[in-house]
Every structure is written in C-alpha cells, then in structure tokens.
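This briefing goes through a structure by topic, starting from a local feature and moving on to chains and contacts. Please read the notes below alongside the sequence and the coordinates.

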Amino acid sequence: MESFMGALGLYGLGTLALVWPKRLELAAHYVSMGLAVIASLMVLSLSLLEIMGLGTGGMLQLGRYSLVVDGWAAAFLLIIGLSGTAVSIYGLGYGRGYLGARIRQLAGLWNLFLGSMVLVVLAGDAFTFILAWEVMALVSFLLVNHESEKKQVVGAAYQYMVMTHLGTAAILIAFYILGSGAESFAFVDLAHSELTPVMKHIAFGCAFAGFALKSGLMPLHVWLPNAHPAAPSHVSALMSGVMLKVAVYGFGRFVFEFIGADVFAYGLIVMVVGLVSAFLGVLYASMEKDMKRILAYSSVENMGIIFAAFGCGMLLVAMDKSYLSVVAFTAVLVHSVAHSLMKCLLFMSAGAVMHATGTRNVELLGGLLKKMPWTAAFTLIGSMSLASLPFTAGLVGEWLTLQGMMSLAFEAGRPELRLLVIFAFILLGLTGALALGCFVRLYGVAFLGRRRSNLVLKAHEMPFTMLCGMGLEAVAIIAMGIMPAPLVNAMRQILVDSPLAIPAGDFIGLWWNGGQSEAVFNPWLIMIAGLLLFALLALTLGSHKVIVHQDVTWNCGTEPTRRQQYTATGFSKPLRRAFDFILKPRRERVFLQRDHAYFGRKLHYNLMIPDQFTDRLYRPVEHIMVRLADTLRIVQQGSVRLYIGYTMIAMVIVLIWGGM
Amino acid sequence: MEYLVVLLLFVVFVQTRVMELRRSVAALMAQSVIVACACLLAGLNHGLMHALIPFALTLGVKVIFIPTAMLKLIKRITDEREIFSDINVNYSTMAAAAFLVFGYVLGNRFMLDPMQQDIFAATIMMIMTGLALMVMRKRAILQICGLITLENGIYLLGLIITEGLPLVVELGVFLDVLIAVVVLVILTNRMSLSFMTTDTTVMRKLKG
C-alpha cells in the first residue's frame with residue numbers, strides 16, 4: 001500500500017509542471033511525462049504483484065478516510081498501469097505538438113488525471129471515492145477543453161461536464177442512501193447496509209445510471225462521441241481506454257459489495273442495456289467518417305459488451321448459479337483489459353494520423369500504408385483486435401462473454417429467459433459482424449488504396465517515442481491473444497478470492513478444454529493449423545514461376561482515377577439501407593449544374609446521420625426544461641416592488657397561520 | 001402611553017397620504033420621535049439607564065441622522081416636483097386601516113392584556129403599512145420611508161413583547177438600520193444620476 005503512495009507521489013510531482021516557468025516549458029513537459037511513465041510503471045508492477053498474491057495489500061487509514069487495495073482494485077490498477085505507461089510514452093512525443101499551446105498545463109493535468117484514477121480505484125470510503133472521482137471528472141474536462149480556441153471543442157467539453165456531473169450526482173445519491181443505511185461511509189461498513197427494498201432499488205438505479213453515464217452506455221452516451229474527438233489524442237486514448245473502465249470498477253464495487261446481485265431484474269436491466277449499447281454503438285461507428293468518432297462509438301460498443309457480460313453474471317448469481325457466473329465476470333475483467341489495450345492503441349494511431357496529415361476525416365486519407373508503415377502495422381493489429389479476430393486480445397474477452405451467455409442459456413429454466421439469451425446471441429453476433437465491417441472500413445479507407453486528397457502527401461512516419469507507445473500496446477495485444485491463459489486465470493483467481501467468494505468449480509475445464517457442452521478455443525491450435533495451411537499454400541503456389549505483369553486495372557476502357565475508389569460512406573451504404581429504420585439518415589441533393597439527363601451534371605450531396613437519442617430524448621427534455629423555466633419567469637418580473645409584495649403576502653400568511 | 005399609540009397611529013395614517021418627499025421625511029421623523037418616547041416610557045419600568053440608552057440611540061439614528069441624510073439626498077434629486085402613485089393614495093390608507101383591524105384580531109387571538117393589545121395592533125399595522133408603502137410607491141425615497149416604518153414597527157414590537165431587549169441586540173438592530181439606510185441613500189443617489197429619476201420601475205430595464 002505504501003508503495004502505491006509512492007506512485008501517487010510521483011504523479012503529484014508530475015503535476016507540478018503546472019507551475020514551472022514558461023521558458024522551461026519543454027523541459028517541464030519531458031520531466032512531467034517521464035514521471036508519469038515511471039509512476040505508471042510502478043502502478044503496473046505493484047498491481048501485478050498484487051494479482052499474483054505477492055503484494056503487501058492492506059489498507060492505509062487516515063482518520064475516517066482510508067485507501068484499500070484488494071483483488072478487484074488490483075485488476076483495474078493493472079489497466080491503469082499498462083495503458084498509462086504506453087500512452088504516457090506516446091505522450092512524450094505527441095505532446096510536443098502543443099509546444100507554445102499550454103504544454104505545461106497539458107503535462108501537469110495528465111499526471112493529475114492518472115493520479116486521480118489510481119486514487120478512485122484505491123479509495124476505501126465513499127468520501128475519498130467521490131473526491132477522487134470528481135477530480136478525475138474535472139481534470140478530464142480541462143483536458144478535453146485544452147484546445148479551447150475551437151468553438152466545437154468548448155461545446156463538447158461543456159456537454160461532457162454537464163453530463164458527467166449528472167452522473168456524479170446519481171452516484172452521490174446512491175452513496176447517500178447506502179451510507180444512511182450503514183451509518184458510515186467506509187466501504188467495509190457500506191457492505192452491511194440495511195436497506196428497505198425500495199431504497200435498495202433506488203440506490204441500484206442511481207448507481208447504475210451514474211456509472212453507465214461515465215462508461216458511455218446508451219442512451220447516456222451522447223457526450224462520448226463529442227468529447228473524444230475534441231480532446232488531444234493521447235487524452236482521448238486515456239479517457240476511452242482507462243476512464244471508462246474506472247466506471248466499471250465502481251459499478252462492480254456497488255454490485256459485489258454494497259447492493260448485491262440477488263434481484264433478478266438488476267441483471268436483466270444491465271444486460272439489456274449493455275446489449276443494446278453494443279449493437280447500436282457499432283452501428284453508429286460504421287456510419288461515421290471522423291476517425292475518432294468511429295473509435296468513440298466503438299467504445300460505446302465495447303462497454304456495452306462488458307456490461308452485457310456483467311449483467312449475464314448478475315443473472316447467474318440471482319439464479320444461484322454463482323459458480324457459473326465466474327465465467328461472465330472473468331469476461332468483464334478480461335475484456336476490460338483487452339479493450340483498454342486496443343482502444344488506447346487505436347486512439348494513439350488516430351493521433352499519429354492526425355499529426356501526420358492534419359485531418360481526422362477518413363474520406364481525405366488513403367494510401368497511408370506506404371507513408372507510415374509502422375503506424376499502419378500497429379493500427380492493423382488494433383483493428384483486428386477490435387474486430388475480435390483470432391490471435392488478438394479482443395477475441396478472448398468476447399469469447400468469454402459468449403461462454404457466459406452460453407452457461408446462462410443452459411441454466412435458463414424459463415422460456416422468457418431463453419428468448420432473452422437468443423436475443424443476446426443475435427445482437428452479439430450482429431455486433432461482432434458489424435465491428436469487423438467497421439474496422440475493415442476504417443483501416444481500408446485510411447491506410448490502403450490510393451490517396452484521396454493531397455493531405456496524404458505530407459504524411460511521414462512518427463518519432464520513436466510515439467511508435468514505442470503504440471508498439472508496446474500492439475505487443476501486449478498479440479501476447480494476450482496468443483497466450484490468454486495466464487491473464488484469464490489471474491482474473492478468475494481475483495474473482496474467486498475477493499469480492500464474490502465464488503466456489504471455484506472446474507473453470508478451466510469449461511473455458512479451455514471444453515466441457516460436454518462448451519466450445520473450445522485454443523489459440524495455439526488455430527495458429528498451428530493456420531501456419532500449416534499457409535505453408536501448404538506457399539509450397540504449392542510458390543513453386544510456380546510467377547509472371548508479374550504490371551498494368552492499370554481494367555475499367556471498361558477508361559483510365560481509373562483515385563475518385564473511383566470505394567469511399568467510407570459508400571462502403572457503409574448497404575448497412576445504411578438495411579438499418580435505415582434505426583438510423584434514419586437524412587440525404588440532401590442539390591444540383592449545381594444539370595445540362596443533360598446523363599452527363600455534364602454537378603451536384604452537391606450531403607448525408608447526415610442524426611443521433612436518434614439526441615433528437616428523440618435529449619431535445620424534448622431540453623424543450624420541457626426551457627419551457628418550465630419560462631413559466632417560472634412569470635413570478636420573477638424584475639420589479640423590486642413585486643418582490644416586496646411577495647414578502648408581505650408571506651408575512652400575512654405566517655401571521656394568520658400563527659394566529660390560528 | 002395610550003396617547004403615544006394614538007399619535008403614532010395618526011402619524012402612520014398621515015404617512016400613507018403624504019406624496020411629497022420632504023413632508024414624508026418629516027412625517028417619518030415625527031414617527032421616530034414618538035417611537036423614541038415610547039421606548040423611554042417602556043424602559044423606565046426597568047431603570048433609568050436601560051431607558052436612556054435606547055432613547056438616545058433612537059433619537060440619534062432615526063430622528064437626526066437618517067432624516068438628515070434623506071433630506072440632503074432630496075436636495076440633489078432633480079425631479080421631485082410631481083409624484084403620482086399608480087395605485088390610489090386612498091387604497092394605501094384603507095389598507096392601513098385594514099391592517100389595524102388585522103392587528104387587533106391577532107392581538108385578541110394571542111390573548112394579550114388590553115394595554116399590550118393596543119401597542120401590538122399598532123406595531124402590526126406599522127409593519128404591514130411599511131411593507132405596503134414599499135410595494136405601492138414608486139419613488140425610492142418613499143420606499144426608504146416605508147422601510148424605516150417597518151423597522152420602527154419591528155423594534156417597537158420587540159420592545160413591548162420582550163419588555164426591553166438586551167443592549168447588544170439593540171445596538172445590532174440600530175447598526176443594521178444605519179447601514180441599510182446608508183446603502184440605500186447611496187444607491188438612490190447613483191440611480192438618480194444614471195436614470196435621471198428615482199422611479200424604481202425603470203429598474204425593470206436591468207432585467208436580463
């Protein structure tokens with residue numbers, strides 16, 4: 001525990017970059033980011049020790065406030081440490097782009113952000129938790145707002161701030177209800193909170209709403225696709241990769257320790273919300289043209305998968321099958337780690353592309369593979385992982401999620417529940433397929449083909465630190481994809497040991513070798529098969545003398561131009577057609593010139609995919625609020641005399657009331 | 001004491017009818033003199049010292065300082081010629097009468113002894129009339145008069161009900177009034193400089 005304090009101290013030192021003198025700002029940046037790297041490495045190694053059971057553990061008590069580290073916390077400290085290290089190394093190079101644009105503030109707040117997240121996870125009482133949570137929210141707001149010269153950045157940042165404070169308010173209410181039941185705010189006491197069922201439902205609802213908002217589940221996700229593109233890339237990597245997981249951590253604490261999952265409806269709600277978020281998230285991701293918005297919606301999708309697995313585990317616990325729920329909860333942890341790795345990697349590569357070309361719009365990219373081979377390779381690994389292809393970390397988590405669903409399906413005694421599981425499989429299957437399409441589209445349009453604009457011409461490979469940050473994540477993804485067993489076992493052990501105290505059961509049998517009813521996933525087996533196939537193909541095809549003849553592509557007798565390539569919008573057209581009852585795209589066609597029915601035409605085509613939740617849910621609520629406020633203004637006329645009149649009326653009423 | 005109450009009632013009724021700034025300040029001064037005398041009489045039961053200090057304070061602050069400051073202010077204000085209240089003067093007089101009845105009803109309810117009941121009714125009437133003056137008058141000066149009337153009413157009520165407040169409380173009350181009036185006078189002065197009038201309805205322009 002004391003060593004974690006050391007890491008927090010290093011983050012604190014890094015925060016001091018805020019007060020370095022202006023002429024030393026580059027030095028401040030390097031020192032501060034370097035401290036962040038060292039502190040994150042410390043967090044990483046300490047949490048690894050903790051997970052392996054070699055850590056000192058324990059708690060640190062300061063009066064009524066305490067810091068505690070247990071298994072559940074250690075799993076999330078691992079995420080913070082791992083991604084924190086890689087992204088901080090990347091930030092060493094990437095942050096240089098902000099030289100002269102408040103770089104000291106960026107570096108200092110970066111440390112504070114990481115430190116506050118570590119503190120949230122370590123918090124041992126509600127007060128510390130909320131304090132750290134609020135620091136995290138405010139610092140991330142400031143980081144999102146970093147390029148405050150741009151109007152849309154300010155808009156996105158304020159939207160984020162409003163939303164995140166709504167979430168904090170909900171969590172505060174939940175803590176308040178629990179705390180008044182337990183007459184204490186220490187987590188140890190909150191676990192024994194005596195609540196009436198109604199209060200318990202309210203507490204659960206508030207906690208779920210608060211944490212779902214922070215993790216961007218639909219329909220509370222609206223801040224996410226706006227805030228992530230607005231923030232500097234390494235900040236969006238950290239927000240998407242790590243901050244969203246911190247919300248999962250908090251939700252887990254509530255469910256495992258404070259509220260319990262014994263009510264069937266809780267699990268059902270969490271699972272359905274998760275599934276819907278997963279499906280709609282990836283659907284919207286396939287429609288976007290902005291690289292970072294694609295990634296942001298993909299975060300919604302992956303958080304949806306994590307919460308669907310969580311809900312599945314909660315349902316199994318509610319059905320008294322907790323030895324099976326361990327699969328689902330392991331899926332939560334494993335997919336959290338995996339998503340953190342791959343999302344950080346892809347946000348970093350989006351930052352690299354932006355750095356090189358100055359745009360996030362994939363329609364203006366293309367052919368980047370030749371200009372930035374390393375970045376392209378890392379992005380490919382990240383995209384494969386997000387599309388959950390074999391040999392990558394992304395598959396492991398989704399595999400476990402599906403296994404969890406399968407155990408739910410076998411245990412489902414009632415037809416309604418079976419229907420739900422079928423629905424879940426359909427949605428998860430669609431999600432997987434759409435995610436594959438989405439990342440083929442992202443990678444194909446941005447990195448393959450030929451350039452779509454002249455912006456690509458000035459692209460160049462990134463400096464070493466940035467490549468190093470991306471490379472670390474890519475290596476971790478591959479390692480986890482090929483050898484998932486150590487991590488999965490460690491995560492399972494955490495769940496068995498600490499919060500749930502689940503009877504261990506034959507977990508490995510279920511997951512690894514396949515029981516009677518479960519499928520088998522063994523990366524080595526697939527890899528060997530794949531290598532054999534490759535070798536066979538190489539032998540049979542490679543033995544021939546291949547004649548290479550280079551020529552332009554046959555294009556009905558015309559010279560193919562760059563503009564004839566697939567565009568990102570065109571690529572997702574079939575999806576838009578298939579799901580237009582959900583997406584409701586708005587098309588606008590204006591003819592600028594129309595001399596003839598078939599040629600000589602120029603037209604302006606505008607396609608918009610409005611966010612249905614904004615249109616259907618947030619706008620009406622906003623209207624109602626504004627109208628209510630307008631109604632209240634009748635009382636407030638701005639006349640002093642009227643106000644005195646109110647006092648007078650109040651006084652007469654009080655006097656009469658007193659006289660009665 | 002009874003005579004003082006009758007006088008006080010008379011002065012308050014006059015106040016509801018006076019529309020000219022100087023005269024209303026004079027009426028306020030007269031009212032404060034009566035309150036000071038009542039204060040002296042009520043205090044004599046508890047010893048001379050306890051009577052003299054509030055008396056002197058009332059005299060100093062409410063009879064001399066505040067009216068002087070307000071008269072000085074009136075000299076500076078340019079548009080003191082004609083004042084119309086958009087609500088008829090008669091209404092405020094009638095309201096004052098209604099408040100007096102209301103005060104007696106309340107006093108009856110609280111079952112005070114007859115002597116106290118008179119003063120209680122008078123103070124309730126002063127408080128409510130003070131508020132009514134503030135609501136019905138547009139001019140800032142007249143509103144200040146209303147405020148002081150209200151203040152006098154509260155002070156007298158406290159004096160009667162508790163049979164003499166502790167000295168510290170009295171000092172605090174006087175300081176409050178003093179500061180309120182100083183601020184109000186300054187504000188009114190600024191207002192007449194910026195808007196060329198002390199009609200508070202123009203303040204509506206400030207509303208966002």
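In the hairpin formed by β1(A) and β2(A), with two residues between the strands, A:Gly63 adopts a positive phi near 65 degrees. The model is a predicted one, in which local features need pLDDT of at least 70, side-chain atom pairs count only at pLDDT 80 or more, and totals for chains, interfaces and linings use all residues. Residues are numbered from 1 along each chain as its sequence is written, while chains are lettered from A and ligands numbered from 1 in the order in which they are written.

**Hairpin in chain A**

- Strand β1 (residues 59–62) of chain A pairs with strand β2 (residues 65–68) of chain A in the antiparallel sense, over four bridges; pairing requires that DSSP finds at least two bridges between two strands.
- A:Leu60 has A:Leu67 in β2(A) as its bridge partner.
- Helices (H or I, at least four residues) and strands (E, at least two) are DSSP runs, numbered from the N terminus.

**Confidence**

- The predictor assigns the complex an ipTM of 0.81 and a pTM of 0.77.
- Chain B has a mean pLDDT of 81, with 90% of its residues at 70 or more; pLDDT is the predictor's confidence in each residue, from 0 to 100.

**Overall form of chain B**

- Chain B contains seven helices and zero strands.
- The radius of gyration of chain B is 17 Å, close to the 17 Å given by the globule rule for 208 residues, so chain B is as compact as a globular protein of that length. The radius is taken over C-alpha atoms, and the rule is 2.2 Å times the number of residues to the power 0.38.
- Along the principal axes, the C-alpha atoms of chain B fill a box of roughly 50 × 35 × 30 Å.
- Buried residues make up 38% of the 208 in chain B. A residue is buried if 20 or more other C-beta atoms lie within 10 Å of its own, exposed if 12 or fewer, and partly exposed in between, with C-beta atoms placed from the backbone.
- Of the contacts in chain B with a separation of 6 or more, 66% join residues 24 or more positions apart. Two residues are in contact if their C-beta atoms, placed from the backbone, lie within 7 Å.

**B:Ile161**

- Helix α6 (residues 140–162) of chain B holds B:Ile161.
- B:Ile161 counts as partly exposed because it has 14 C-beta neighbours inside 10 Å.
- B:Ile161 and B:Phe120 are 41 residues apart along the chain, and their C-alpha atoms are separated by 8.2 Å.

**Contact between chains B and A**

- Eleven residues from chain B and eleven residues from chain A take part in the contact.
- On the side of chain B that touches chain A, α4 (89–110) and α5 (114–136) of chain B each supply at least two residues.
- α5(B) gives the most to that side, with four residues.
- The residues on that side of chain B comprise six nonpolar, two polar and three charged. Ala, Val, Leu, Ile, Met, Phe, Trp, Tyr, Cys and Pro count as nonpolar, Asp, Glu, Lys and Arg as charged, and the others, Gly among them, as polar.
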